[in-house]
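I opened the model today to look up a few packing details. My entries are below.

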Amino acid sequence: MKLVVFDVDGTLVDSQALILSAMQAGLAAADLPPLPDRQVLSIVGLSLPVAVSTLVPDAAPRAQGQVVEGYRRAYMSRRLSDEAPLYPGARDCLDALAGRDDVLLAVATGKSRRGLDAILDHHGLARHFVALETADGNPSKPHPAMLLAACETAGVDPSRAAMIGDTVFDMQMARSAGVAGLGVSWGYHDSAALSAEGVEVASDFPELMAMIERWGA
């Protein structure tokens, strides 16, 4: 049995508009100025408190906490909108993998469990995954805890698992956990940054499926 672990934001779900609007709302809640979109998107994949401290390192802890809470309120109030669609091909990929008898699926994400449940329920995807690892019970990526926990829950050795993600944080986490890393080009870190981590990078979901097949073989 093999385990394929997916990141969510930037890998399965195109949540750019939702993340940007929620982060700007969080900054406004703390009376902090807005940040450039590119800067905000650079921290996608990190757990929210780590992401906020990275974005506004000079802000007081109280202000950083206000950004975190403002982000969470804004995100949850808009979660069922059309601001977080699946990327083209994502559902077909998950359906195909879930239909196999030699593969299990899991999630490792910097999102909260509440935020992850909302996204999976909205898209009807929760049934595909045997393990859902979030920032609520794990250190932020690139710490390997999420991946190791997913492997333990699935009963699969890390040497038989692969991490699919769009950021260098995902690839660094995979390497730390002894898990194969496979990158995707349509997310928040560019292909050059992912390739620099020594991984293959897919340009679309059909190519990703071919990469998974080669890895599995």
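I am working from a predicted model, where local features need pLDDT of at least 70, side-chain atom pairs count only at pLDDT 80 or more, and totals for chains, interfaces and linings use all residues. Numbering runs from 1 along each chain as its sequence is written, and side-chain values use heavy atoms, with hydrogens and water left out.

**Helix pair.** I looked up α5 (residues 90–98) and α10 (residues 205–216). Their axes come within 9 Å and cross at roughly 25°. That makes α5 roughly parallel to α10 (angles under 35 degrees). I took axes as lines fitted to C-alpha atoms, for helices over the stretch in contact, with angles from 0 to 180 degrees between N-to-C directions. From α5, A90, C93, A96 and L97 make the contact; from α10, F205, M209 and I212. Contact means heavy atoms within 4.5 Å. I counted seven nonpolar residues there, no polar and no charged.

**Helix α4.** I checked α4 (residues 61–78) next. The helix has 18 residues and reaches 26 Å from its first C-alpha to its last, close to the 26 Å expected at 1.5 Å a residue. Its buried residues include V67, V68 and Y71; buried means under 20% relative accessible area, with a 1.4 Å probe and protein chains only. The buried residues of α4 pack against α1 (16–29), α3 (48–55) and α6 (113–123).

**T109.** Where is T109? I found T109 in the loop between β2 (103–108) and α6. T109 counts as buried because its relative accessibility is 1%. Among the residues T109 touches are D7, E133 and K141, not counting residues up to four places away in sequence.

Methods
Helix = DSSP H or I, 4+ residues; strand = E, 2+ residues; numbered from the N terminus. Parallel < 35°, antiparallel > 145°, perpendicular 65-115°, else oblique. Nonpolar A, V, L, I, M, F, W, Y, C, P; charged D, E, K, R; others polar. Expected span 1.5 Å × (residues − 1). Buried < 20%, exposed > 50% of the residue type's maximum accessible area, 1.4 Å probe, protein only.
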